[in-house]
Protein chains: 2
Amino acid sequence: MERDPIVLAERALGGHQGAGARLIRMLEEGDEGATEGLRAVLPSAGRAHLLGVTGPPGAGKSTLVDRMAAEYRRRGSRVGIIAVDPSSPFTGGAVLGDRVRMHDHAADPGVFIRSMATRGQLGGLARATFEATTVLDAMGYDVVLIETVGVGQDEVDVADLAHTTVVVSIPGMGDDVQAIKAGILEIADLFVVNKADLPGADRVAKHIGAALHMRAAPIDAWQPPILMTEAERAGGIVDVIDGIDAHRAHLRSSGGLDRKVIRRRERVFHDVLRERAAARALACAPRQGAEILSAMRSGELDPYTAVEALLGVEA
Amino acid sequence: MERDPIVLAERALGGHQGAGARLIRMLEEGDEGATEGLRAVLPSAGRAHLLGVTGPPGAGKSTLVDRMAAEYRRRGSRVGIIAVDPSSPFTGGAVLGDRVRMHDHAADPGVFIRSMATRGQLGGLARATFEATTVLDAMGYDVVLIETVGVGQDEVDVADLAHTTVVVSIPGMGDDVQAIKAGILEIADLFVVNKADLPGADRVAKHIGAALHMRAAPIDAWQPPILMTEAERAGGIVDVIDGIDAHRAHLRSSGGLDRKVIRRRERVFHDVLRERAAARALACAPRQGAEILSAMRSGELDPYTAVEALLGVEA
């Protein structure tokens with residue numbers, strides 16, 4: 001199997017899905033040389049619209065994303081999908097999950113799905129997602145969907161990396177209704193209430209609308225629409241894609257896209273800087289570093305003093 | 001209002017809840033001097049049992065945590081609660097949320113609730129949670145419950161910081177059943193199926209049991225129990241607290257507690273190291289740093305090359 005990241009990058013740019021998949025896997029595994037492959041594809045990236053789809057477990061995101069991909073295909077766009085953390089002990093994890101989902105699109109080279117199980121990985125979800133989306137973007141997919149089951153920090157991470165963020169809600173999630181949390185209002189460009197045939201869907205939409213009404217006017221003057229879908233039977237999907245297109249046009253005309261592109265770069269820059277600066281501090285004075293770590297583990301040094309001692313040693 | 005972190009630390013150790021609350025808020029806000037206050041309380045910490053309670057939105061975690069706190073009080077334990085990210089535009093955010101929940105325990109100095117809205121904060125959720133739990137631990141609360149609505153990385157963060165992690169599920173969450181995801185099996189010390197009166201509760205418990213059966217035997221030989229609760233009417237809570245006590249006894253007899261204590265220290269050490277090493281790299285060569293950042297933002301330098309350039313300048 002080809003393991004040279006530059007060769008994989010060239011083949012991926014030439015349209016070879018397997019090469020793209022291997023490069024993404026090497027990047028995800030933290031392979032040192034893989035960053036060279038990423039550098040080789042970076043100049044070709046920057047054309048795709050990056051679309052985050054986030055929401056709680058059980059909201060039907062996978063089905064929604066599949067339907068959105070089908071609608072994009074109908075409109076002639078090529079679609080990449082990054083499914084974050086779908087691993088399950090029953091499916092044998094991410095790789096088999098890809099195969100199961102790819103089966104529906106097996107005859108269609110215009111759809112490419114990659115799954116990532118990033119729990120606790122070096123550099124975390126944000127960096128791995130940045131790298132995978134960059135590879136798919138460079139390979140010429142017009143839209144790259146980032147699907148995450150995350151609630152909490154994962155949502156913020158995805159929003160930092162996407163141009164348009166779709167937040168999916170469903171009726172019947174109880175008191176701590178995820179849709180109306182303050183953080184969600186800040187990251188959502190579109191709200192989708194899925195399973196709109198269930199009782200309470202209108203109430204969820206009303207709650208979201210009321211929360212939007214109460215917040216300070218957004219700086220970029222974009223008013224997030226609240227759309228109802230029944231993804232299972234492909235209901236409402238056309239409106240979702242139209243809404244995303246409208247947001248994209250707004251981003252282009254308002255200069256918001258440039259801000260999102262810069263935010264994306266800054267996000268990965270700071271993640272990589274933190275990782276590498278810390279690794280270098282630990283490597284610079286290996287013997288003292290080991291002593292400091294040992295004293296920190298035993299509780300002799302508290303973690304804060306240990307960090308100061310380590311950075312003091314290095315300086 | 002007192003703002004000297006050392007004075008706040010002394011008052012907090014003396015049992016003053018308001019002083020503890022202010023110290024936690026200063027730490028959360030990234031106040032430089034607040035770390036001195038944390039250092040002042042650290043020697044008094046280390047006696048509390050740290051208990052993570054995690055699960056998806058709508059699982060009824062707040063009610064469950066309140067019932068668990070009541071049961072601990074019945075058993076004579078003092079209880080601290082850290083509620084991560086409960087902010088809502090309707091309640092005015094975390095602070096008012098504290099007041100609403102504290103109302104139930106207003107006459108009881110043995111319960112102390114702090115809420116944190118940590119989205120996107122410097123150093124992230126893990127560090128803020130470490131610091132808040134350390135303050136409550138040092139103040140003499142016997143049990144500190146960390147409640148998070150996180151799904152995904154937030155769960156892993158909480159598990160890194162807790163001695164015992166309780167994962168809450170409910171029936172009817174759809175296909176991507178959160179309870180049986182691979183990552184959950186690795187972090188859960190106890191499973192709770194809440195809203196056990198709803199249809200499908202037995203099926204959720206069976207799925208969890210089957211997933212546990214399929215996984216490799218855990219290294220510490222602890223078999224996570226699967227417990228049914230109806231938190232709304234306080235059903236099953238006694239068994240949950242008994243299960244937590246059993247896990248705690250197991251940790252003490254197996255040496256697992258030492259490993260968890262070390263993992264907690266390492267986690268915050270690495271978080272703080274990453275943050276400070278990165279900040280120092282940016283501060284060391286301010287002019288070149290600003291040039292590199294500007295070239296990175298404009299796309300002239302890719303983020304990886306920009307990091308190398310910055311660390312090269314510093315070296």
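**Figure 1. B:Glu266 in helix α11 of chain B.** In this predicted model, B:Glu266 belongs to helix α11, which spans residues 256-284 of chain B. Inside 10 Å, B:Glu266 has 16 C-beta neighbours, and it therefore counts as partly exposed. Along the chain, B:Glu266 and B:Arg297 are 31 residues apart, and 33 Å separates their C-alpha atoms.

**Figure 2. The largest nonpolar core and B:Leu145.** The largest nonpolar core holds 174 residues. The members that touch the most other members are A:Leu145, A:Ile146, B:Leu145 and B:Ile146. When neighbours within four places in sequence are set aside, B:Leu145 is in contact with B:Leu51, B:Val53, B:Val65, B:Met68, B:Ala69, B:Val79 and B:Ile81. In soluble globular proteins, nonpolar side chains tend to be buried together.

**Figure 3. The crossing of helices α1 and α2 in chain A.** Helix α1 (residues 5-13) and helix α2 (residues 17-28) of chain A have axes that come within 8 Å and cross at roughly 135°. The two helices, α1(A) and α2(A), are therefore oblique to each other. The crossing in which α1(A) passes α2(A) is left-handed. From α1(A), the residues A:Pro5, A:Leu8, A:Ala9, A:Arg11 and A:Ala12 meet A:Ala19, A:Gly20, A:Arg22, A:Leu23 and A:Met26 of α2(A). The residues of this contact between α1(A) and α2(A) comprise seven nonpolar, one polar and two charged.

**Figure 4. The setting of these helices in chain A.** The secondary structure of chain A consists of 13 helices and seven strands. Chain A has 315 residues, of which 53% count as buried. Among the contacts in chain A with a separation of 6 or more, 73% are between residues 24 or more positions apart.

Definitions and conventions. Residues numbered from 1 in each chain as written. Chains lettered and ligands numbered in written order. Predicted model: local features only at pLDDT ≥ 70, side-chain atom pairs only at ≥ 80, totals over all residues. Core = buried A, V, L, I, M, F, W, Y, C linked by C-beta atoms within 7 Å. Buried ≥ 20, exposed ≤ 12 C-beta atoms within 10 Å, placed from the backbone. Contact = placed C-beta atoms within 7 Å. Helix = DSSP H or I, 4+ residues; strand = E, 2+ residues; numbered from the N terminus. Axes fitted to C-alpha atoms, helices over the stretch in contact; angles between N-to-C directions. Parallel < 35°, antiparallel > 145°, perpendicular 65-115°, else oblique. Left-handed = near helix turned anticlockwise from the far one by under 90°. Nonpolar A, V, L, I, M, F, W, Y, C, P; charged D, E, K, R; others polar.
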